[in-house]
Amino acid sequence: MSKTILTYGTFDMFHIGHLRLLERLSHMADRVIVGVSTDEFNLGKGKKTLIPYEQRAEIVSAISHVDLVIPEVSWDQKVEDVKKYGVDVFAMGNDWEGKFDFLKEHCEVVYLERTRNISTTELKKSLKSFLSIPHEDLLKAFEVLEMLRQDLE
């Protein structure tokens, strides 16, 4: 008997943690469905994405471990999606521990350990720090790199 697993996420700035999650899900079930949060849904949560929904959904769809991508447009759609797609297992990162236990009457609910030392939030913080470096300092750094490159030739 085939098993279907469902997860949701924004998948902004796709990184190795996202890939490892999808790979783990594919080992837990025969069919992997991923709800990718729409831009509008993210704005409602107070989050702004760097990559538009259509591109994030296309990236996730291209992953060999994923069988179907659906839009996540609201918090309330989860029970409906579980029923509509015949979901056996609902999986989320353990940072959501307990938040989706209401789905246990419809399917198995599991909370998976997140990939250590990687998250979109941390990537965005790093990017923000990098972007806050004064323009003149960046130009100096590139000048030094260019001089080093020329010395190596």
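**Exercise 1.** Decide whether valine 144 is buried, exposed or partly exposed.

*Solution.* Start with the cut-offs: buried means under 20% relative accessible area, exposed over 50%, and partly exposed in between (1.4 Å probe, protein chains only). Valine 144 has 43% relative accessibility, so valine 144 counts as partly exposed. Helices (H or I, at least four residues) and strands (E, at least two) are DSSP runs, numbered from the N terminus.

The model is predicted: local features need pLDDT of at least 70, side-chain atom pairs count only at pLDDT 80 or more, and totals for chains, interfaces and linings use all residues. Residues are numbered from 1 along each chain as its sequence is written, and side-chain values use heavy atoms, with hydrogens and water left out.

**Exercise 2.** State the strand order of the open sheet and which strands are the edge strands.

*Solution.* The 5 strands have the order 3-2-1-4-5, with parallel pairing; two strands pair if DSSP finds at least two bridges between them. Strand 3 (68–72) and strand 5 (108–112) each pair on one side only, which makes them the edge strands.

**Exercise 3.** Describe how strand 1 is joined to strand 2, and name the helix that lies across strand 1, strand 3 and strand 4.

*Solution.* Strand 1 (residues 4–9) and strand 2 (residues 31–37) run parallel, joined by 6 bridges. In this pair, isoleucine 5 stands opposite valine 32 in strand 2. The helix is helix 4 (residues 77–84), running at about 155° to strand 1. Axes are lines fitted to C-alpha atoms, for helices over the stretch in contact (heavy atoms within 4.5 Å), and angles run from 0 to 180 degrees between N-to-C directions.
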